[in-house]
Amino acid sequence: MPASPSVARTIGRIALGAALVFAGTSHLSFARKDFQAQVPEWVPLDTDTVVLASGVVEIALGSALIALPKKQRAVGTVAALFFTAIFPGNISQWLNERDAFGLDTDRKRALRLLFQPVLVAWALWSTRAKH
């Protein structure tokens with residue numbers, strides 16, 4: 001019988017899911033322009049389309065983290081891969097000195113880069129059963 005997740009991991013999974021739903025919703029509404037600043041110029045799609053699509057993916061991932069606890073390991077892996085896949089956007093924002101989300105200095109944009117690995121770790125940690 002597989003080990004069940006700890007209370008802390010369950011809370012972490014649900015909190016990450018809620019954060020993703022919120023972030024995804026913000027892609028589609030009030031923060032849409034800010035997210036456009038993170039789309040690298042080399043992406044061969046319309047910037048707004050990328051923002052909208054990534055918002056939909058975030059809502060789906062967040063909802064799945066909350067609503068599909070029996071699939072949490074798979075969803076957590078996909079979330080970690082998603083956070084890794086969008087990391088070039090954070091790098092692009094820093095390299096191109098694009099202001100968004102209050103990240104209006106090189107230092108703030110560089111510090112933001114440190115949080116992406118935290119999101120990857122959070123997704124993996126919160127969706128793994130306690131051993």
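**Helix packing**

I looked up α4 (72-85) and α7 (115-126) to start: their axes come within 8 Å and cross at roughly 170°. The model is a predicted one, so to speak of local features I need pLDDT of at least 70, and side-chain atom pairs count only at pLDDT 80 or more, while totals for chains, interfaces and linings use all residues. Residues are numbered from 1 along each chain as its sequence is written, and side-chain values use heavy atoms, with hydrogens and water left out.

My conventions: helices are DSSP runs (H or I, at least four residues), numbered from the N terminus. Axes are lines fitted to C-alpha atoms over the stretch in contact, and angles run from 0 to 180 degrees between N-to-C directions.

With that angle, α4 and α7 are therefore roughly antiparallel to each other (the label needs over 145 degrees). On the α4 side I listed Gln72, Gly76, Thr77, Ala79, Ala80, Phe83 and Thr84, which meet Gln116, Leu119, Val120, Ala123, Leu124 and Ser126 of α7 (contact is heavy atoms within 4.5 Å). I sorted this contact into seven nonpolar, six polar and no charged residues. For the classes, Ala, Val, Leu, Ile, Met, Phe, Trp, Tyr, Cys and Pro are nonpolar, Asp, Glu, Lys and Arg are charged, and the others, Gly among them, are polar.

Next I checked α3 against α4: they pack at about 150°, axes 10 Å apart. α3 and α4 are therefore roughly antiparallel to each other too. From α3, Ser54, Val57, Glu58, Leu61, Ala64 and Leu65 touch Val75, Gly76, Val78, Ala79 and Phe82 of α4. I get eight nonpolar, two polar and one charged for that contact.

**Pocket**

What lies nearest the centre of the largest pocket? I found Phe35, Gln38, Glu58, Ile86 and Arg112 there, out of 30 lining residues. A pocket here is an open set of points on a 1 Å grid over the protein atoms alone, where a 1.4 Å probe fits, with protein on both sides within 12 Å along at least five of seven lines; lining residues have an atom within 4 Å of a point. The space comes to about 690 Å³, a volume being what probe spheres set on the points fill. α1 gives the most to the lining, six residues. I count the lining as 21 nonpolar, seven polar and two charged.

Most residues other than glycine have a negative phi. I noted Glu97 at a positive phi of about 50° and Phe101 at about 60°, also positive. Glu97 sits in the loop between α5 and α6, and Phe101 is found in that loop between α5 and α6 as well.

Definitions and conventions: Helices (H or I, at least four residues) and strands (E, at least two) are DSSP runs, numbered from the N terminus. Angles under 35 degrees count as roughly parallel, over 145 as roughly antiparallel, 65 to 115 as roughly perpendicular and the rest as oblique.
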